[in-house]
Amino acid sequence: MFSSISFLAILLATTFLRSEAQLNSTFYSSTCPNVSNIVQGVIQQALQSDPRIGASLIRLHFHDCFVQGCDASILLDNNGTIQSEKDAAPNTNSTRGFNVVDNIKTAVESSCPGVVSCADILALSAEASVSMAGGPSWNVLLGRRDSRTANQAGANNSIPAPFEILSNLTAKFSAVGLNTTDLVALSGAHTFGRAQCRLFSNRLYNFSGTGNPDPTLNTTYLATLRQICPQNGSGFTVTNLDPTTLDTFDNNYFSNLQNNQGLLQSDQELLSTSGAPTISIVNLFSSNQSAFFASFVQSMINMGNISPLTGTSGEIRSNCRQVN
């Protein structure tokens with residue numbers, strides 16, 4: 001009798017721990033019921049002067065989740081004990097939108113102080129940015145807490161790079177529990193936003209040390225890109241990731257790949273790698289926007305579930321840039 005009661009107690013305890021660690025869409029329904037509206041309001045205002053801010057915000061969430069989980073570690077500034085992820089190669093002079101996150105945090109704190117994590121603000125900002133650009137909307141799972149540490153080395157090693165081959169990209173996604181469909185769907189976020197010339201100029205002039213352009217690049221598109229990014233020009237000039245509908249979230253990204261108009265090598269690899277399992281997914285998403293949207297939503301939820309801090313782990317930062 002005693003042993004069965006003990007077993008029941010252990011079972012209940014583990015069930016409670018598991019449910020406590022699980023994110024859910026109603027996490028703030030009583031403590032900060034307006035949080036989604038507050039996030040949307042600040043982003044709406046930011047979009048009026050910066051049409052690319054939505055893409056920048058979703059990228060922050062992405063670069064956060066791939067490094068020690070979705071814990072807002074990317075938002076921490078340098079201090080005596082923290083080497084900021086902002087200074088890692090994939091982020092330095094590249095990630096942006098931190099001021100908008102600060103503005104969201106300020107607005108949320110004035111409405112419900114000490115309640116909403118910076119990690120959840122990044123997740124909510126990503127959803128709002130997509131839906132405001134014409135993409136799908138979804139119920140964001142919430143309940144993450146903020147890390148007290150950053151991982152600059154992790155950011156250097158774990159974040160997928162724009163000039164990586166497909167097998168490397170797949171390995172980096174697999175390392176955080178994401179599969180091939182997640183890779184293709186999340187790459188579809190490149191349907192809006194901009195990229196710097198330095199991230200793809202090797203494709204225009206000296207691909208893989210050949211002294212020639214990337215043979216998978218559409219020649220008309222190549223000529224256009226060479227005008228935007230001359231060989232000795234600034235590597236920090238930006239151009240649209242999607243040359244067709246630049247600030248709209250749609251499935252044109254995949255049609256662009258079919259026309260050999262993927263801007264980054266990591267984009268075009270999805271379709272141009274011979275025999276790759278990504279090819280059929282690209283073709284499906286190109287022909288069926290609803291299928292892309294449904295997969296994108298599921299993949300965003302999957303990504304948002306990467307190793308969140310929950311329960312009593314971490315903290316709720318009052319300033320997203322520094323630990324309490």
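These legends accompany close-up views of a predicted model.

Local features need pLDDT of at least 70 and side-chain atom pairs count only at pLDDT 80 or more, while totals for chains, interfaces and linings use all residues. Residues are numbered from 1 along each chain as its sequence is written, and side-chain values use heavy atoms, with hydrogens and water left out.

**Figure 1. Overview of the protein chain.**
The chain holds 14 helices and 2 strands. Both are DSSP runs numbered from the N terminus: helices are H or I with at least four residues, strands are E with at least two. The radius of gyration is 21 Å, close to the 20 Å that the globule rule gives for 324 residues, so the chain is as compact as a globular protein of that length. That radius is taken over C-alpha atoms, and the rule is 2.2 Å times the number of residues to the power 0.38. The C-alpha trace spans about 75 × 45 × 40 Å along its principal axes. Of the 324 residues, 49% count as buried. Buried means under 20% relative accessible area, exposed over 50%, and partly exposed in between (1.4 Å probe, protein chains only). Among contacts with a separation of 6 or more, 75% join residues 24 or more positions apart. A contact means heavy atoms within 4.5 Å.

The accessible surface of the protein chain comes to about 14200 Å². Carbon and sulfur atoms hold 52% of that surface. Areas come from the Shrake-Rupley method with a 1.4 Å probe; for residues, only the protein chains shown count as cover. There are 16 positive and 21 negative side chains. Lys and Arg count as positive, Asp and Glu as negative; His and the chain ends are not counted. The centres of the two sets lie 3 Å apart. Each charge is placed at NZ of Lys, CZ of Arg, CG of Asp or CD of Glu.

**Figure 2. Helix H13 and its buried face.**
H13 covers residues 278-287. Its buried residues are Thr278, Ile281, Val282, Phe285 and Ser286. Seen down the helix axis, they fall within an arc of 135°, so they line one face of H13. The arc is that of the directions from the helix axis to the C-beta atoms. An α-helix has 3.6 residues a turn, so residues three or four places apart point the same way. On the face of H13 turned away from its buried side sit the exposed residues Ser280 and Ser287. The buried residues of H13 pack against H7 (166-175), H8 (180-187), H11 (252-258), H12 (265-272) and H14 (289-304).

**Figure 3. Helix H12 and its cover.**
In H12, 7 of the 8 residues are buried, so this helix is largely enclosed by the rest of the structure. Buried here are Gln265, Ser266, Asp267, Gln268, Glu269, Leu270 and Leu271. Their cover includes H7, H8, H9 (201-205), H11 and H13.

**Figure 4. Phe249 and its contacts.**
Phe249 sits in the loop between strand E2 (238-240) and H11. Its relative accessible area is 1%, and Phe249 is buried. Leaving aside neighbours within four places in sequence, its contacts include Val130, Ala133, Phe192, Phe292, Phe293 and Phe296. Pro136 is also in contact with Phe249. These two residues are 113 apart in sequence and 8.5 Å apart in space, C-alpha to C-alpha.

Glu109 belongs to H4 (residues 98-111). Glu109 is buried, at 17% relative accessible area. Not counting residues up to four places away in sequence, Glu109 touches Gly114, Val115, Val116, Arg317 and Ser318. Ala123 lies in H5 (residues 118-132). At 3% relative accessibility, Ala123 counts as buried. Ala123 is in contact with His61, Val140 and Arg144, leaving aside neighbours within four places in sequence.

Ala72 lies in the loop between H3 (53-65) and H4. Phi of Ala72 is near 60°, a positive value in a residue other than glycine. Ala72 is buried, at 0% relative accessibility. Asn93 is also found in the loop between H3 and H4. Phi of Asn93 is near 55°, again positive in a residue other than glycine. Asn93 is exposed, with a relative accessible area of 55%.
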